[in-house]
Amino acid sequence: MSDLNKLGLAEARDALRAGDVTSVELTEACLKAIDEADALNAFVHKTPEIAMERAKAADERIKGGDAPSMCGLPIGIKDLFCTKGVPSQAASGILEGFKPEYESTVSQQLADAGAVMLGKLNMDEFAMGSSNETSVYGNAVSPWRRGNDDAQLTPGGSSGGSAAAVAADLCLAATGTDTGGSIRQPAALVGITGIKPTYGRCSRWGIVAFASSLDQAGPMTKNVRDAAIMLETMCGHDAKDSTSADLAVPNFEAMLTGDIKGKKIGIPKEYRMDGMPAEIEKLWADGAAMLKDAGAEIVDISLPHTKYALPAYYVIAPAEASSNLARYDGVRYGHRAQLAQGDGITEMYEKTRAEGFGHEVQRRVMVGTYVLSAGFYDAYYNRARKVRTLIKKDFEDVFAAGVDAILTPATPSAAFGLGEMTEADPVQMYLNDVFTVTVNLAGLPGISVPAGLDTQGLPLGLQLIGRPWEEGDLLNTAYALENAAGFVAKPGKWW
């Protein structure tokens, strides 16, 4: 079999079981593709020795006949997950040289299932960004191009390296994290599938924290079936994470029937934004028509507090970030600034943080510290928390009325060029999360499915939002949408 790196998880799993291919061969194909793709800057810490060791062990396990679904499958791990003995920097200068002595729960579960780690993937610094332009490693680059234009495009953020790597077939799948859309937005921009499960479905232990009440890990894969396979391995209760849900994890793949007859799909009127490109509008209408043709009932719904979601998110997330990032002070690990004669502990903190944190992280820490400060706590942070409760209730009311899933666009546009959204107006960048942040504020599962191309040949995605803890049902609806959309486009290789 040639081009083994182009396989999806399900195809590769079946080929491994049939003895048509070995994990070592799959892994070698991916490592070769990674070495040829430095122009994408997707993999920032390559781990070929670990990969080959795990691949050989997986082949033995498959021979023994007791291998789980992920056994022998080569994947990439976002740099936000702590991986024992391997640099885990969260793409930040302040964690330079940090090699954890422990493994995150999610990456450990994948390793226990026999998955092969190829290396660590690029991302926005501390997961703060929508374009992968805030990384200490430099920009990740999308494998897609606009027509014959050579301009480098964003793979989205913060899981930009994961998105680029999966879309360019450098790995079969990758882990991502999603605080305000960081799995779904990049997945949509590069034409792959990405699911953020219900808050509490995947353990956050060992994942570098950005905003603890919003962060959630999930898989980024080549299709919906692969997302179901990988998500099942990543989920589960973890006593080390107090927010982890003690719920049984169903066999998500077995729930993919494609039958959505009688399902109610809601279309929220508040998501019709002013100035939404006609292509996004059409894609959304086409998606609703596809689901209707598959037997679903399309109903108009209202989520009245949607317009407050972005402002509430950009108060709550920076507030939690400023609290979480206070631990990076140069004392025990990571970067420490050189001190001048007579400098004390305060100067060490100040200089270390000024050198170690990038501009976007500094901006959000300052915003967060401001909204938590004595005079403004009630005016900003407490008010944002109340708005969050109202947003959550909007969704609860819609689901209580019998709606099974909600269909929205995943992003307000196709991928933009790196450097096109300038630092001069960070709010422009924040607007990229307009369709995704509500899902994090309400703790709901959401999935992005590629559904079409824009006039320049770039991928566009649709988002489905599901009921809490019903990822299986959500994946099945996404599976029906994927089958109807028939998206098979791949980027032309230029790297």
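Predicted model: local features only at pLDDT ≥ 70, side-chain atom pairs only at ≥ 80, totals over all residues.
A residue is called buried when its relative accessible area is under 20%, exposed when that value is over 50%, and partly exposed in between. With these cut-offs in hand, Glu-420, whose relative accessible area is 45%, is partly exposed.

Side chains of opposite charge can pair when their charged atoms come close. The structure holds 27 salt bridges, and one of them joins the side chains of Glu-420 and Arg-146, with an N to O distance of 3.0 Å. Because Glu-420 lies in the loop between strand 9 (405–409) and helix 13 (426–430), whereas Arg-146 lies in the loop between strand 3 (116–121) and helix 5 (160–167), this pair ties together parts that are 274 residues apart in sequence. Whereas Glu-420 is partly exposed, Arg-146 has a relative accessible area of 14% and is therefore buried.

A salt bridge is also formed by the side chains of Asp-169 and Lys-222, at 2.8 Å from N to O. This pair, too, links distant parts of the chain, for Asp-169 sits in the loop between helix 5 and strand 4 (173–178) and Lys-222 in the loop between strand 6 (216–221) and helix 7 (224–234), 53 residues apart. Asp-169 is buried at 4% relative accessibility, and Lys-222, with a relative accessible area of 18%, is buried as well.

Within helix 3 (residues 48–64), Lys-63 and Glu-60 stand 3 residues apart, about one turn of the helix, and they form a salt bridge whose closest N and O atoms are 3.5 Å apart. Here Lys-63 is exposed, with a relative accessible area of 67%, and Glu-60 counts as exposed at 51%. Elsewhere, salt bridges link Arg-13, Asp-14, Arg-225 and Glu-253 in a network.

Turning to the strands, strand 7 (residues 264–268) pairs with strand 8 (residues 297–301) in the parallel sense over 5 bridges, and Gly-266 stands opposite Val-299 of strand 8.

Methods
Residues numbered from 1 in each chain as written. Heavy atoms only, no water. Pairing = 2+ DSSP bridges. Helix = DSSP H or I, 4+ residues; strand = E, 2+ residues; numbered from the N terminus. Salt bridge = Lys/Arg side-chain N within 4 Å of Asp/Glu carboxyl O. Buried < 20%, exposed > 50% of the residue type's maximum accessible area, 1.4 Å probe, protein only.
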